Amino acid sequence: MAKLTEKDILAWNGSDDDYMNPDHLAFFREKLVEMKAELLANANQTTSHLQEQEATPDPADRATLEEEYALELRTRDRERKLLLKIDSTLRKLDGGDYGYCEDTGEPIGLARLLARPTASLSIEAQERRERLKKQYAD
């Protein structure tokens, strides 16, 4: 079969037995690998940007630069965590567990995985966890 597109994924209406077939797995593997490559490129760009640190005598300018650097580093830290999740998701894909809810074992759904390829819970399981978390936080 030809390489699937996002439109193909959203239009899929096959049986449960055909869920996460080899074409689906190839599509999501490529999507995850692309995400990983983009995040690594961003990290390299940040590294080179921070190495170009400008020296400025004006305290206000220096404070602005430091705030921009801090924001960039926080963004990269979130991306670092996403990289770890992508690696974990790729391992699930290799192990045959990709696309199924960690809590229930039910299919997560192609539309949800398209929106969030690293999703490990179905929408219902995610909502349940968030409600429980909110109850314990209150």
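Buried means under 20% relative accessible area, exposed over 50% and partly exposed in between (1.4 Å probe, protein chains only). Helices are DSSP runs (H or I, at least four residues), numbered from the N terminus. The model is predicted: local features need pLDDT of at least 70, side-chain atom pairs count only at pLDDT 80 or more, and totals for chains, interfaces and linings use all residues. Residues are numbered from 1 along each chain as its sequence is written, and side-chain values use heavy atoms, leaving out hydrogens and water.

Helix 3 comprises 37 residues and reaches 54 Å from its first C-alpha to its last. Its buried residues are Leu65, Tyr69, Glu72, Glu79, Leu83, Ile86, Thr89, Leu90 and Leu93. Gly96, with a positive phi near 85°, follows helix 3.

Aromatic rings of Phe, Tyr and Trp (its six-membered ring) pair if their centres lie within 6.5 Å; planes under 30 degrees apart count as stacked, over 60 as edge-to-face and the rest as tilted. The whole structure holds 4 such pairs. Tyr19 and Tyr100 pair edge-to-face, at 5.2 Å centre to centre and 85° between the planes. Tyr19 is buried because its relative accessible area is 6%, whereas Tyr100, at 29%, is partly exposed. Phe28 and Tyr98 form a tilted pair, with 5.6 Å between centres and 50° between planes.

Terms used: Helix = DSSP H or I, 4+ residues; strand = E, 2+ residues; numbered from the N terminus. Expected span 1.5 Å × (residues − 1).
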